[in-house]
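Hello,

Here is the structure for your files. My notes on it follow below.

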Amino acid sequence: MREEIEISIREAIPSDAESLLNCLEKTALQTGFMTMGEEGSGLTVEEESHHIAEIYESDINCLIVAILGEEIIGMATIHAVDKPKIRHIGELGIVVDKEYWGFKIGTELLREVLKWSDESEVIKRVELKVQQRNERAIHLYKKYGFELEGVMQRGVKDNGEFLPVCMMGKLV
């Protein structure tokens, strides 16, 4: 049985930039599930801080973080673009440090971003792309009402191998 850990979940603020970048850099190398790899984000702490401030003020974007002590160990985002015809569609992304898998952090992050989406005056659809081999994530998304809308063959290339990617969506 796993020991219990105490995490806090909240919206990201600009001072989270360094910890958030550290989490992204670490998790990008843990599995082949992320689209970012060893090339990293390419952002400075100052750039990321500015980006977080913009998200915090946005009515179509959201960034939720899971924090253990002073360290960000997971995050969930809803990202939409400010074009009138598609402004209502938010793209979901979740990442959790592999060291903390099994603690239901991904579930808690998903609940929080879906709550944010439900309360949004703008977002009416949440969609995501997930590698077909990421069965744990697909199970979680289905449990929270996401439906498989299609499979993109050769949707991602990891270690020289083309892999299928599932496209899933949920109306909110």
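N159 sits in the loop between strand 6 (147-158) and strand 7 (161-171); helices (H or I, at least four residues) and strands (E, at least two) are DSSP runs, numbered from the N terminus. This is a predicted model, in which local features need pLDDT of at least 70 and side-chain atom pairs count only at pLDDT 80 or more, while totals for chains, interfaces and linings use all residues. Residues are numbered from 1 along each chain as its sequence is written, and side-chain values use heavy atoms, with hydrogens and water left out.

N159 is a residue other than glycine, yet its phi is positive, near 50 degrees. Its relative accessibility is 79%, so N159 counts as exposed (over 50% relative accessible area; buried is under 20%, partly exposed in between; 1.4 Å probe, protein chains only).

K104, also not a glycine, has a positive phi of about 65 degrees. K104 is in the loop between strand 4 (89-96) and helix 3 (105-119), and counts as exposed because its relative accessibility is 56%.

On helix packing: helix 1 (residues 17-28) and helix 2 (residues 45-57) pack at about 105 degrees, with axes 8 Å apart. Axes are lines fitted to C-alpha atoms, for helices over the stretch in contact, and angles run from 0 to 180 degrees between N-to-C directions. The angle therefore makes helix 1 roughly perpendicular to helix 2 (65 to 115 degrees; under 35 is roughly parallel, over 145 roughly antiparallel, the rest oblique).

In that contact (heavy atoms within 4.5 Å), A17, E18, L20 and L21 of helix 1 meet V45, E48, S49 and I52 of helix 2.

Regards
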